[in-house]
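Please read the following report alongside the sequence and the coordinates.

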Amino acid sequence: MTIRDIIEILGGRVLVNSGDLDGEVPRGGAADLMSDVLAFGTDGMVLMTGLTNPQVVRTADMAGINVVVFVRDKTPPPETVEAAQESGITLISTGYTMYEACGRLYQAGLPGRGWVKIEEDFS
Amino acid sequence: MGDHDISKVEELLYTMKVEDVMAGDTIVVDPELSMAEVKQLMDTKQITGVPVVRGDRMVGIVSISDVIGALEKGQLLRPVKEHMTTDVKSVTRDTSVIELIKNLGRRGFGRLPVLNGEGKVIGIVTTGTLLRSLLTQMEMSYQKKEQEKLQRYRASHIFEDISSDDTSVVLRYIVDDRDFTNAGKASTMIKKSLQRLGAQPPLVRRVAVAVYEAEMNLVIHTDVGGEILVTIRRDRLQVSTVDHGPGIENLDQVLQPGYSTAPEWIRQMGFGAGMGLANIKRCSDVMRLMSEPGAGTRLDILFLFGPGGLSGAAGLPKKS
């Protein structure tokens, strides 16, 4: 699935486009907990979140994520937009809730990370 | 033009707004001006169309074809208001460029005035202003890329260019406590520096996640801030965070995944879930946490990657 497909499926608005819209997105994930993002984030993943503070972008950047979707039509503050432009991260906003945004992408064939036992990961 | 250039144009069309591509300081005319005067104005200013404005409001637009029309009918001395086009499509400052293109160039709309909320003309867009802005943007993005390439090339040769028995590069960052707006900036800089030094992407990611968690700990849990020291050698890298904050009472407890003392406002921002140290441990090869109540805290994180870890740069001379 490409970023362009994601925009279409979610009826998304591009807030910051930092890369190739035809770039392949291997999987998706959703969290409002940034530590979770750091724990399960993988390269190239699309992240769905309800938070819009600049830390979301910095967290995504550290985890190698380059597309972030804000759910429920949230518009991020200018600091978040700036951080995204600096780090080369694409920001999209959709009117769907977190549940439905994820559901639509999953239904369209975008996989997640499968069964993740985070506690075991730390052993 | 290569495929890459095409997608860059497309990207710009999606993200740029009318305000990025319009010409400001627009010349406007009064509806009572004669068509002859308009013709004169177009000649001297080298333009082909002008918004017609009464008071502060736009009432129409007069173009070179209106001038020709007036000329054919021998009405060059008649006022603009009799020859102007009144059915004018306009755009606003934050109209997207992709939307603009749908209207620009369509039957007769060779130029579109840009109006503010009160109907006042604040600029004008033509295919010319649009093309010029796109070219400038592409030139800027190209230069940025070239600049990054150059910086990466220079940095990636440090370990070859400097002679010593053991070269290390030390980066130092100051982190303020409770400064949430800037939290994560040190980590962002460290990530970029590692990329420039030629570190392989999986290594960059491991270090970035660990150092970011450690930076957030300084922001959230110390009342004085602290510093991050990154010592990079050819085959290993150590991150140390040092603070003179309150210290930690029970070291075993803070290492338990899920244990957290973070206040509510931190949790609302998506942090403080008690996974930080566990995450750091998972990403690194060795982690050491030293602390005593009242004496501050030091966290050492070690990454071992062997001599090949920093050889991501192209054309790097191999040591025999």
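## Polar contacts and the salt bridge

Between chain B and chain A there are 13 residue pairs in polar contact, both residues being at pLDDT 80 or more; a polar contact is a pair of N or O atoms within 3.5 Å, where within protein one must be able to donate a hydrogen and the other to accept it, and residues adjacent in sequence count only if both atoms are side-chain atoms. The model is predicted, with local features needing pLDDT of at least 70 and side-chain atom pairs pLDDT 80 or more, while totals for chains, interfaces and linings use all residues. Residues are numbered from 1 along each chain as its sequence is written, chains are lettered from A in the order in which they are written, and side-chain values use heavy atoms, with hydrogens and water left out.

Across this interface the rule finds 1 salt bridge (a side-chain nitrogen of Lys or Arg within 4 Å of a carboxyl oxygen of Asp or Glu), formed by Lys191(B) with Asp61(A), whose closest N and O atoms are 2.6 Å apart.

## Extent of the interface

In total, 30 residues of chain B are in contact with 31 residues of chain A, contact meaning heavy atoms within 4.5 Å. The two chains bury about 2,700 Å² between them, 55% of it on carbon and sulfur atoms, where buried area is the accessible area (1.4 Å probe) that two parts lose on being put together, summed over both. In chain B, the residues that lose the most area to chain A are Arg205(B), Tyr212(B) and Arg282(B), together 21% of what that side buries.

## Domains of chain B

Chain B is divided into domain 1 (3–132) and domain 2 (157–304), with bounds that come from an automatic or database domain assignment. The centres of domain 1 and domain 2 of chain B, taken over C-alpha atoms, are separated by 55 Å.
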